[in-house]
Amino acid sequence: MSCGLRLPPPVLDAYEWQDRALCRDAEVEVFFDFEGVRGRNLEAREEAAKAICRRCPVLQECLTHAMSAEDYGVWGGMTARERRDERNRRLLGSAAVS
Ligand code: SF4
């Protein structure tokens with residue numbers, strides 16, 4: 001007798017897109033480690049990461065993942081602050097609809 005529940009897909013499949021990530025070959029400091037970096041230096045660091053993201057073939061998969069799972073660094077062409085703002089916009093939008 002089946003209860004109708006299914007196991008989630010293998011984690012490896014869910015993260016297969018990371019094999020094609022352009023940031024795999026980048027220095028980790030480009031995408032993370034912004035502690036103590038402020039102002040124009042921070043903007044320049046974030047823009048350098050975003051420039052790589054814009055050329056990345058898995059930008060959409062990455063952003064989908066990051067919107068629900070990543071609170072630090074640049075992922076999917078967005079900074080942590082931008083993702084947090086977007087999450088809040090979506091929450092406010094769904095609250096306004098309901
Ligand atoms: S979109 Fe940016 S952070 Fe995401 S996998 Fe591509 S290069 Fe890496």
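Reader: Which residues does UniProt list under "binding site"?

Author: The unreviewed entry lists Cys23, Cys53, Cys56 and Cys62. They are spread over 40 residues of sequence, yet they cluster in space, the largest C-alpha distance being 10.9 Å. UniProt positions follow the numbering used here, feature names are shortened, and annotations may be inferred rather than shown by experiment. The model is predicted: local features need pLDDT of at least 70 and side-chain atom pairs pLDDT 80 or more, while totals for chains, interfaces and linings use all residues. Residues are numbered from 1 along each chain as its sequence is written, and side-chain values use heavy atoms, with hydrogens and water left out.

Reader: What does the record say about residues 22–85?

Author: The unreviewed UniProt entry annotates them as "domain: 4Fe-4S Wbl-type". In the model, the span is 58% helix and 0% strand, and its end C-alpha atoms lie 25 Å apart. Helices (H or I, at least four residues) and strands (E, at least two) are DSSP runs, numbered from the N terminus.

Reader: What makes a residue part of the shell around the ligand, and how many residues surround the ligand?

Author: A residue is counted when one of its heavy atoms lies within 4 Å of the molecule. In this model, 13 residues surround the ligand, and the closest are Ala21, Cys23, Cys53, Cys56 and Cys62. Helix H3 (39–54) and helix H4 (59–69) each supply at least two residues of the shell.

Reader: Why is Cys53 called buried, whereas Cys23 is called partly exposed?

Author: Buried means under 20% relative accessible area, exposed over 50%, and partly exposed in between (1.4 Å probe, protein chains only). Cys53 has 8% and is therefore buried. Cys23 has 35%, so this residue is partly exposed. Cys53 is in helix H3, and Cys23 is in the loop between helix H1 (11–14) and helix H2 (28–31).

Reader: Which residues are in contact with these two cysteines, neighbours up to four places away in sequence being left out?

Author: Contact means heavy atoms within 4.5 Å. On that basis, Cys23 touches Phe31 and Ile52. Cys53 touches Phe31, Leu59, Val74, Gly76 and Gly77.

Reader: What makes a set of residues a nonpolar core, and which residues form the largest one?

Author: The set must consist of buried Ala, Val, Leu, Ile, Met, Phe, Trp, Tyr and Cys residues joined through side-chain atoms within 4.5 Å. The largest has eight residues: Phe31, Phe34, Val37, Leu42, Ala49, Ile52, Cys53 and Val74. H3 contributes the most to this core, with four residues. Apart from it lies another core of seven residues, including Cys56, Cys62, Ala66 and Trp75.

Reader: Why is Lys50 called buried?

Author: The relative accessible area of Lys50 is 15%, so the residue counts as buried. Lys50 is in helix H3 and, leaving out residues up to four places away in sequence, touches Val74, Gly77, Met78, Thr79 and Glu82.

Reader: How do you know that Arg54 and Glu47 form a salt bridge?

Author: A salt bridge requires a side-chain nitrogen of Lys or Arg within 4 Å of a carboxyl oxygen of Asp or Glu. The closest N and O atoms of Arg54 and Glu47 are 2.6 Å apart, and the pair forms a salt bridge. Arg54, at 55% relative accessibility, is therefore exposed, whereas Glu47, at 36%, is partly exposed. By this rule the count comes to eight salt bridges.
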